[in-house]
Amino acid sequence: MAAPQVSAAQAIGEYLQSPDDLVKVAAFRKKLEKEKASIDARLKSGVKEQLDATREGLRKLLGTRNNVQVVKEEMQTIDRICTDPQDGVSTLDQISRVSMVHRNFQQTEEMVNNLLEMNSKLVVLEEMLAADSQEIVGPAPNLLQIHFQINRLEGFRNQTMHQAKKASVASRQKLTRAFERLSKLIEDFETYIMELAYNILPLVRAGHPEVVVKLIKIAELEAREDEKAIAIPPTSGTSVDPGAFLDSLGWIYQDLIRIESDVVQCFPPNYEMYAFYIKEYHKNLNATFGRLVAAEPDASILLHLHAWLKEYKKSMKELNVAPELLDPPLLNGDEQSLIEDYLKLIVKKLDEWSANLMKTEIQEFTTRSAPPEVDSDGLYGTQGAVILFQMVNQQIDAATESGQGAIVARVVEETNRVMRSIQDQWTKVVEAEFKKQTEKPDEVIGGLAEYCLALANDQIKSADNTEALLGKLEALVSEKYRVPINEKLNDAIDGNLDVAKKCIKTFIDIILNDLKPATKQLFQPPWYDGVIGLVVATIKDYMSDQPFIKPLLFELLVDDVLDAFLVTYLTALANSPKLRMPAATERIKEDISAVFTFFSEFKPAKELEEFFEVVEMILAMLEASKSMVFLSFWAFAKVHGPCLPFVEGLMKARGDLDRSAVNEVMDAIKRKVKDEGLTEPPEPTIMKKIVVQSGISRFLRT
């Protein structure tokens, strides 16, 4: 830091700090004068020395300029002499020719010596190369020495062959044969170099990074392209199991980590080895996956590959790999096409499997060459339901492994489509088989009723399996996909239940078809002698299959058979000719008692009473006197509605009422219905199923 400047006044002030100091002024003045004289003397001496140095410098500068001019003139003289040496040397031409001959002699001698020594050198080099080649992932101690010696021999060969261009063909061929061994050695060495280049990462793993450095030196000396010198082997894997191949690809990330930590430092920074390796791995992966997809692998492989690509992106991001190094993305970034291909394959397989399955199942159902199979629970069934759900579970399990709700939802959608198609086919087959039985009973194979029950069992089993599947999937997907999955699977369950109901209805229709000879006699003259025994016996024969039916189905079957019997019985009553009273009511009571007794084997009496309550009400209307019919009707109408056509037909069928009495009763009933505003019940009852024929039809029937 520079010292602060002190003014003259401040300097004097330091000496004159008190009045007594004034006596020192004279002495202080003398002191200052001496200091000034000393400073002036030093300045004068310094100026003189500077002037002397300046004069000496100028003198030397002038001398240097003269020397430069002399050198320049002498160089011009030399240049002039070199431009045309013949002017100065008369024998220059002879000297040049002698020099050329001497040089040729030297080159020839050197060439001969090299040719004589070449074979011995090749022997040594071949032994060294063989020793190093035995262990590719080894220290390669002779690598640089082999390269140096081969480089020299290759240079000698190239120079010799160049000089022999003007030689005879025979001479050139002889030289070529002489260098064949060298050419073979060079070829073997290049192969060895490429083997080392393919094993850069293994060399580093084995603790020989110095070999990688040697390779770089050789590459620089040879001025080869970087890619050729340090190429990595292409990724393979399509020749093995694709799933196992995808599972094993974790080594890629391990390699990249090792390359970044151990390999990159073996190369000059401008080689950008980490980026190069990433690009090469990425490029080869893309080519491999392209071949894998082109080979049309299984659907599970497509899902596996889709999941692997997502994991690849995530892992590369965690490794801080620049996005531009992964361009273009694997499979051109079109991972969604894998899902579309997967779904197409699922659709194709499900369609093929279901078509083959239904072909076999329908053939067994229509030919009925043997009774239905009995499963481990002792129930009728077929293998179709089991096989179907094996297919469904296989595809949905594969979809759930993807961890993507969208994929699961799409597979469920396709599964629903197939299941619905199968259900529609079964409905049509059941209808067609029953139609054959009614139109051509003599040509139809027996056993349709049992097979309908077996199919109904299968549909209930399928519904249970679908419900279990729904419960499993709901816990695996988000609300976004839970709703459509729920809708599709519930729709499939509804379809199963519809087919099961169709089978039960067809089973009942088969019973009714067999009962036609007996039911045609209801309320006809033979009926009074008793025909209900035949009806009960027929129903009992069909109901003997109870042990082979699922309990839930059997309960439904009992209710539907009972309902069908009552509809048939009451329809016959509504359209009957004149009834012999009171014999008709007594026979009705006996019929109902017999049927009640039979069905009590399957249902509690209290539940049966609810079914037969309508018959009791109708009996009351049949047994009531003309004046009391209205009261019985009112009890009936409050439950089942007016049902005027039925009531009128019932009154007309009573043999104890003439036409005027019937008209009188019906007028009173109709008036009361109108006055009270009596309408149909909120929920339809069994009376809704009763069909009353017109008067002409009844006349023709009688």
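Helices here are DSSP runs of at least four residues, numbered from the N terminus. Keep that numbering in mind as you move through this predicted model.

**Stop 1: the largest pocket**

Select α18 (479–519) and α20 (551–574). Each supplies at least two residues of the lining of the largest pocket. Which helix gives the most? α18 does, with eight residues.

Now show side chains at L512, A564, V567, T568 and T571. Of the 20 residues that line this pocket, these lie nearest its centre. The pocket's volume is about 460 Å³.

**Stop 2: the largest cavity**

How many cavities of 30 Å³ or more does the structure hold? There are four. Go to the largest cavity, which holds about 130 Å³ of space.

To find it, select A385, L388, I422, W426 and Q459. They lie nearest the centre of this cavity, which is lined by 16 residues. By class, the lining has eight nonpolar, six polar and two charged residues.

**Stop 3: α14 against α16**

Stay with two of those helices. Hide the rest and keep α14 and α16. Their axes come within 10 Å and cross at roughly 20°. Angles under 35 degrees count as roughly parallel, so α14 is roughly parallel to α16. The crossing of α14 past α16 is right-handed. In their contact, 15 residues are nonpolar, seven are charged and four are polar.

**Stop 4: α24 against α25**

Finish further along the chain. Select residues 644–653 for α24 and 659–676 for α25. The two axes come within 10 Å, crossing at roughly 160°. Are these helices roughly parallel or roughly antiparallel? The angle is over 145 degrees, so α24 runs roughly antiparallel to α25. Here too, the crossing is right-handed.

Now show the side chains at the contact. From α24, pick L644, V647, E648, M651 and K652. From α25, pick V662, V665, M666, I669, K670 and V673. Colour them by class. The contact has eight nonpolar and three charged residues, with no polar ones.

Conventions:
Residues numbered from 1 in each chain as written. Predicted model: local features only at pLDDT ≥ 70, side-chain atom pairs only at ≥ 80, totals over all residues. Heavy atoms only, no water. 1 Å grid on protein atoms, 1.4 Å probe; cavity = no way out; pocket = protein on both sides within 12 Å on 5 of 7 lines; lining within 4 Å. Points joined across faces, edges and corners; volume = space filled by probe spheres on them. Axes fitted to C-alpha atoms, helices over the stretch in contact; angles between N-to-C directions. Parallel < 35°, antiparallel > 145°, perpendicular 65-115°, else oblique. Left-handed = near helix turned anticlockwise from the far one by under 90°. Contact = heavy atoms within 4.5 Å. Nonpolar A, V, L, I, M, F, W, Y, C, P; charged D, E, K, R; others polar.
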